[in-house]
Amino acid sequence: MVPFFAYAAMFLILPAATVMIGAFQSADGGYTLDNITGIVKTENIRDAYWESIRISLTTALLGGLFGLMIAYAAIRKGTPNWVRSAYGTFSGVAANFGGIPLAFAFIATLGTIGIVTQLIQNVFGINIYQHGFAIWSRRGVELVYLYFQIPLMFLVIAPAIDGLRAEWSEASANLGASRWQYWRHIGMPVLFPSILGAVILLFGNSFAAYATAYSLTSGTALPLVPILIGNDLSGNVFSNPHEGHALAFGMFVVLAAMMLFYIPLQRRASRWAK
Amino acid sequence: MEDFQEQEYEFLRRLDEERFGRSTLLKRGLATAAGLTIISLPEVALAARAKALADPPIRGTRQNLKAIVAAARKEGRLNVIALPPDWANYGEIISTFTKKYGIPITSDNPNGSSAEENQAVVSLKGDPRAPDVVDVSPTFAVAGTASGLYARYYVRNYASVPRSMKDTRGLWTGDYYGSVTIGYNANVVKTPPKSFADLLKPIYKNQVAMNGSPLTSGSAQAGVFAAALANGGSLSNVGPGVDWFAKARAAGNYIPVETTPQTVASGQTPISIDWDYNNFAYVKEFPSANWKVVIPSDGQYGAHYCQAVSATAPHPWAARLWQEFLFSDQGQILYLKGFAHPARFTDLVARKAIPKSVTSALPAAWLNSKGAKFASLGQQAKAKVVINTEWPAKLGKS
């Protein structure tokens, strides 16, 4: 048990404690609530939290939906086995392919002079950038995030879908249930706890993404919380460094709120398992 | 038997053969660990090196140049940061320095910003890869001196650098200056922009970029100054400059893409608000981009950059030799070749030290950039505060 506690202490408890204590410290070493009140008062920071939450919710829900559909399509009985293993391998890579390489790949594809942008221009005569799309806008960032959110959903939900036994669907068909009734009463209740957990995971994954967002927006086009923390830490602005701690503490608060939302839902969803 | 079981038996059998015994094994293991820890301690290595070289002087004139060269050669390397090869001809400066003194230079993070240079001095302190010298914009030079990042050093030619371009304590010295210009790719941009007012027109949608963000880049800060001068602001009031960029962003003209030589060559940033020496260098460097340079008619702003030696430089003598080289006639003329205005320009002209070949290569537009306004350190510090608060607020919305 000692190695586990040592590991948990070094990589989980110590960093979290540093952030939580640092959020309440002032520059001269005393304790203060000014960092927190400063964050709540600054409009730009409130916007950043709202933007981060908004993008994270969108990519978590969309990623969850598409990931679930793709996973079900790849795993169900009618599909050949190679589809699942091929897509599983691809997901293993794509779920971790984030950061600067991903941002560069999308800039090369959908940037102002990206390959796909130019293709659309040459074939359809439409310049997507003249019509309001931009890779550094909210829609662009969400699109790029979905690239790793959907495969991550696939990886997480595949074991749960494996758990949906074929016998159940056969039995329900035998008893005269329609597909819709099967899903409503058997399929979704079984899957729902896993889906919920996966969506929360996707939310956290998207909320904390830094390098991807920074490379796409050059750090200025979209206010996002990890970018603000990065600005505080890299000496770009001479604001209070404890503001960075306070921002991270704010992220803890948001994620804790998510958990508060998740736990009763999880409990209710697992009722059938008792 | 399992594989690992076999290996275990084999290991124990050999252990038995050697009559090692557990206590001997433990003792030897502890001795090795202690030895390795001591050898790998950086303090031991640094102490050994530090004994070899005495502290360099504060005044370059107090030392024979040959002695500086010899001490620098013994250090064997110079680390520079954020010096793109086509920025004020740093590519040729670096290769000339290495060829002349036989000291290899490690050029780190060429597209880095002034803020990143200061940050590298802080975060790489004690690391042999830390930068020895920095070339930062004045606001970041002031920030760096306030944080104690620089060492005092008066180069031999300190006296001929204009008073407004140097720190009297010797903590930084201005090396060259330039003015803000609008560079554009004539293949992509059919109607040349002539002023900041022009750049707000819808034909330039998604085309206008700067060399970074004014939160971190000296060049971008200067862009905000120039925009302020063009829009009813002044050197003490850069608010209108931030407002202009907010308007340009809302119109979709200003894109948050950082101009680099790569984006100029590829056409990703068809219009770039940047220093004259950068834009003029792109004209020469990328003939396929058909790059042209215009001095904005409504807002002309100039600023210099500051050379400083890191207080925690891993190669202090090489750092000072670099300063001597940059401020020598040869170094200053190399800056001129890169279309930057060297700090000692007036002195060089008075002594007729500039070769004709260099002056004849200067573009006419460069010679006409006399009307630029320069901000004092106080005005720049004030502007930094305004930019840091207003830029994220006004331009952070999507």
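This is a predicted model: local features need pLDDT of at least 70, side-chain atom pairs count only at pLDDT 80 or more; totals for chains, interfaces and linings use all residues.
Let's start at one residue. Asn290(B) sits in the loop between helix H11 (276-285) and strand S9 (291-294) of chain B. Its backbone deserves a look. Phi of Asn290(B) is near 50°, a positive value in a residue other than glycine.

Chain B has another asparagine to mention. Asn206(B) also is not a glycine, and has a positive phi of about 60°. The loop in question runs between strand S5 (173-185) and strand S6 (208-210) of chain B. Asn206(B) is partly exposed, with 19 other C-beta atoms within 10 Å. The cut-off for buried is 20 or more, so a count of 19 leaves Asn206(B) partly exposed.

Now step back to chain B as a whole. Chain B contains 17 helices and 12 strands. The C-alpha trace of chain B spans about 90 × 60 × 40 Å along its principal axes. Of the 398 residues in chain B, 45% are buried. What about contacts along the sequence? Take those in chain B between residues at least 6 apart: 75% of them join residues at least 24 apart.

Next, the domains. Chain B is assigned domain 1 (53-176 + 303-362) and domain 2 (178-302 + 372-395). Each is written as two segments. Over C-alpha atoms, the centres of domain 1 of chain B and domain 2 of chain B are 26 Å apart. Their contact takes 22 residues from domain 1 of chain B and 23 residues from domain 2 of chain B. Which elements build the domain 1 side? Helix H6 (114-123), helix H7 (138-146) and strand S10 (301-310) of chain B each give at least two residues to it. H7(B) provides the largest share of that side, four residues. By class, the residues on that side of domain 1 of chain B are 13 nonpolar, seven polar and two charged.

Then the core. The largest nonpolar core has 100 residues, and Val208(B), Val224(B), Phe225(B) and Ala308(B) touch the most other members. Helix H8 (residues 218-230) of chain B brings the largest share, nine residues. Domain 1 (53-176 + 303-362) and domain 2 (178-302 + 372-395) of chain B each contribute at least three residues to this core. Zoom in on Val208(B). Leaving out residues up to four places away in sequence, Val208(B) touches Leu199(B), Ala248(B), Asn253(B), Tyr254(B), Ile255(B), Ile271(B) and Ile273(B). There is also a second, separate core of 53 residues, including Ala103(A), Ile150(A), Phe203(A) and Val225(A).

Where do the chains meet? 24 residues of chain B contact 24 residues of chain A. On the chain B side, H6, strand S7 (254-258) and helix H17 (377-395) each supply at least two residues. The side of chain B that touches chain A has 10 nonpolar, 11 polar and three charged residues.

Over to chain A, and helix H5 (residues 99-110). Start with a length check. At 1.5 Å a residue, the 12 residues of H5 of chain A should span 16 Å, and the end C-alpha atoms are 16 Å apart, which agrees. Which residues of H5(A) are buried? They are Leu102(A), Ala103(A), Phe106(A), Ile107(A) and Leu110(A). Seen down the axis of H5(A), these buried residues fall within an arc of 135°, so they line one face of the helix. The background is simple. An α-helix has 3.6 residues a turn, so residues three or four places apart point the same way. On the other side of H5(A), Ile100(A) and Pro101(A) are exposed. What do the buried residues of H5(A) pack against? They meet helix H6 (115-124), helix H7 (138-162) and helix H10 (211-217) of chain A.

One last residue. Tyr147(A) belongs to helix H7 of chain A. Beyond its neighbours within four places in sequence, Tyr147(A) is in contact with Ala94(A) and Leu102(A). Leu102(A) is one of the buried residues of H5(A). Tyr147(A) itself is partly exposed, with 18 other C-beta atoms within 10 Å. Between Tyr147(A) and Ala211(A) there are 64 residues in sequence and 14 Å in space, C-alpha to C-alpha.

Conventions. Residues are numbered from 1 along each chain as its sequence is written. Chains are lettered from A and ligands numbered from 1 in the order in which they are written. Domain bounds come from an automatic or database domain assignment. Two residues are in contact if their C-beta atoms, placed from the backbone, lie within 7 Å. Ala, Val, Leu, Ile, Met, Phe, Trp, Tyr, Cys and Pro count as nonpolar, Asp, Glu, Lys and Arg as charged, and the others, Gly among them, as polar. A nonpolar core is a set of buried Ala, Val, Leu, Ile, Met, Phe, Trp, Tyr and Cys residues joined through C-beta atoms within 7 Å. A residue is buried if 20 or more other C-beta atoms lie within 10 Å of its own, exposed if 12 or fewer, and partly exposed in between; C-beta atoms are placed from the backbone. The expected span of a helix is 1.5 Å times one less than its number of residues. The arc is that of the directions from the helix axis to the C-beta atoms.
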